[in-house]
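Subject: Structure handover

Hello,

Here is the structure you are taking over. Please open it first, then read the notes below.

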Amino acid sequence: MIPLSSYLAVSSVLFVTGLIGVLIRRNFIIILMSVEIMLNAANLNLVAFSSYLDSMAGQIVALFIIAIAAGEAAVGLAIIIVVFRGRIATNVDQINLLKW
Amino acid sequence: MNFAVTDIGAVLPEVIVAVYACAILLIEPFLPKGRQEVLAYFGFAALGVAFYGTWNLMRTDLTVMNGMFVLDPFGNFFKLLLYVAAAMTILLSMEYLKREGIDRGEYYAFVLLATCGMMILVSASDLIMVFLGLELMSIPFYILAGFKRFEEKSLEAAAKYFILGSFSSGILLFGISLLYGLSGTTNLQALALHLRGAELQNPAWILAMILLVVGFGFKIAAVPFHMWTPDVYEGAPTPVTAFLSVGSKAASFAVFLRVFIEALGGIQSDWRFLLIFLSVVTIVLGNVVALVQTNIKRMLAYSSIAHAGYAMIGLIVGDSLGIFSLMIYMLIYAFMTLGAFGVVMLLRREGVEGDEIRDFAGLARKDRLTAFAMLIFMFSLAGIPPTAGFVAKFYIFMAAVNAHLTWLVVLGVVFTAVSAYFYLRVVMVMYMKEPDEAVQLSAPPGVVMVLAVAAAVVLLLGIYPSPFLDYAQEAVLKLR
């Protein structure tokens, strides 16, 4: 049986990957993917804890999160499409009308 | 697992708002173009019925749905505030949408869905519900921010809000997963029991706490998680900005309070220092950067950041007086901000965006009443008596003094004085400058109504606040 710590190590790596991806990648779609990776890191955590603690709650939360992430991705892609139509840019550096 | 039919009664206001929102989406395609305004009255009906329901459930205090959802006076106080804010947003929107050529019925459905998310948020008693409510609030807001889809600024606001919003929910979610792993439960009361009298051995608690603070910090626009605020406030349609700054902030503060005081109250000494730090930088940066803004919507964005810093003091204090002062602060902040954004909307006319501070030049000559209303809101935001803003700051600072945080009060007062500069500059421009052109302001009845109500409430709360205070006092979150 794989110990809990391995799961946690994987999920931490995933989370940090997503975090860094959002912060340094400039392509809108890759940023969206990075956010999804962060959500899935949390999912992995929840499912691993759920099996370790022998409680169902974690798996139910994971199911909720999968559904919510789908909704979020749908809205995100829609926004990308509208921005893309307006001007040919999926690069976030070009979205720069507003700045302080 | 047990499920009682009576549980439905407790969530009836949420159900009503959600059903009305779906009904709007269904009716919308069958309405001829230009008749979409009818759906706004649908929205009022939904909010009115929900208001009546919540009003009747006001004093009930029970937990339903297996501890998922709590119906208590604290949540109901925020819900009533949210209904009023949503109704005022719809009033502000009706004419605006037509003028901008975006009068689509979905708009009202999204406003209702966001309201429903906030209602779930303020009543959440389980971390699943917290996340669900947060997303149900945020996703409609991503869409609403980009509702002027022919305008690049608005799209940019939507894109930025989406990236940073979903990023912050990812962080919050990781924090939630850690909390679950550490305690074996996602229920707030069970978490509180788990933490009672416990010594924190595991550093993962601190990590989970930090992740939660980051997630909520984004939603309430606390520095250093405020980067999205000015951009989104400027780019989004003005009524959406008003709702975003009032509704989402109030609901996020309510859930911040519930999670941190109720569930993590046992380890208050661990998170207190972190929040004090956030509050200080938020007050300082919000007020200082607002000084140099030339766009009124950006200025109000930084002002909203600064106000989040003040309101956080109530959370830091964390006793019943602190919670009470935060509730009062959110109530008063809602009315003065809605009013200020209402005035900004009046300045919008053909060819002129009307959101630069210089557009206010000579407003007092052109339209005496509007200028006077703006004067009231600016005085109130600056915290000058006899307006409500003074009462709000007074209670926050009183709570902090009682908790021996006098230095924080001194800092808050100093930066309130700084903030007077940029609020009063607007007043100065309105009253002392000559108008550059003789234009008649349009005065849509909806906006005028919002201004009248907001100005009246701000003055009433400033002069005779006791009925509101008594009411909030009754609704303070029960500390267990």
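**Ground rules**

This is a predicted model, in which local features need pLDDT of at least 70 and side-chain atom pairs count only at pLDDT 80 or more, while totals for chains, interfaces and linings use all residues. Residues are numbered from 1 along each chain as its sequence is written, chains are lettered from A and ligands numbered from 1 in the order in which they are written, and side-chain values use heavy atoms, with hydrogens and water left out.

**Chain A**

Chain A has 3 helices and 0 strands. Its pattern along the sequence is α-α-α. Helices (H or I, at least four residues) and strands (E, at least two) are DSSP runs, numbered from the N terminus. Chain A has 100 residues, and 39% of them count as buried. Buried means under 20% relative accessible area, exposed means over 50%, and partly exposed lies in between (1.4 Å probe, protein chains only). Take the contacts in chain A with a separation of 6 or more: 52% of them join residues 24 or more positions apart. Contact here means heavy atoms within 4.5 Å.

**Chain A against chain B**

The contact involves 42 residues from chain A and 38 residues from chain B. About 3,500 Å² is buried between the two chains, with 80% of it on carbon and sulfur atoms. Buried area is the accessible area (1.4 Å probe) that two parts lose on being put together, summed over both.

The interface of chain A and chain B has 0 salt bridges. A salt bridge is a side-chain nitrogen of Lys or Arg within 4 Å of a carboxyl oxygen of Asp or Glu. The same rule-based search gives 3 residue pairs in polar contact across this interface, both residues at pLDDT 80 or more. A polar contact is a pair of N or O atoms within 3.5 Å; within protein, one must be able to donate a hydrogen and the other to accept it, and residues adjacent in sequence count only if both atoms are side-chain atoms.

On the side of chain A that touches chain B, helix 1 (4–24), helix 2 (28–53) and helix 3 (57–86) of chain A each supply at least two residues. Helix 3 of chain A gives the most, with 14 residues. By class, this side has 29 nonpolar, 10 polar and 3 charged residues. Ala, Val, Leu, Ile, Met, Phe, Trp, Tyr, Cys and Pro count as nonpolar, Asp, Glu, Lys and Arg as charged, and the others, Gly among them, as polar.

**The two domains of chain B**

Chain B is assigned domain 1 (1–263) and domain 2 (267–480). The bounds come from an automatic or database domain assignment. The C-alpha centres of the two domains lie 22 Å apart. In contact are 58 residues of domain 1 and 54 residues of domain 2. The area buried between these domains is about 5,100 Å², and carbon and sulfur atoms give 76% of it.

Between domain 1 and domain 2 of chain B there are 3 salt bridges. There are also 12 residue pairs in polar contact, both residues at pLDDT 80 or more. Helix 4 of chain B gives the largest share of the domain 1 side, 16 residues. That side divides into 38 nonpolar, 7 polar and 13 charged residues.

**Salt bridges**

Over all chains, the whole structure holds 14 salt bridges.

- K98(B) and E37(B) meet at 3.2 Å, N to O. K98(B) lies in helix 4 and E37(B) in helix 3 (residues 37–56) of chain B, so the pair ties together parts 61 residues apart in sequence. K98(B) is partly exposed, at 41% relative accessible area. E37(B) is partly exposed too, at 27%.
- E95(B) and R99(B) meet at 3.7 Å, N to O. They are 4 residues apart in helix 4 of chain B, so about one helical turn separates them.
- D231(B) and K160(B) meet at 3.0 Å, N to O. D231(B) lies in helix 10 and K160(B) in helix 7 (residues 152–183) of chain B, so this pair links parts 71 residues apart in sequence. Both residues are buried.

D231(B) and K160(B) also belong to a network of salt bridges with K153(B), E156(B), E234(B) and R298(B).

Best wishes
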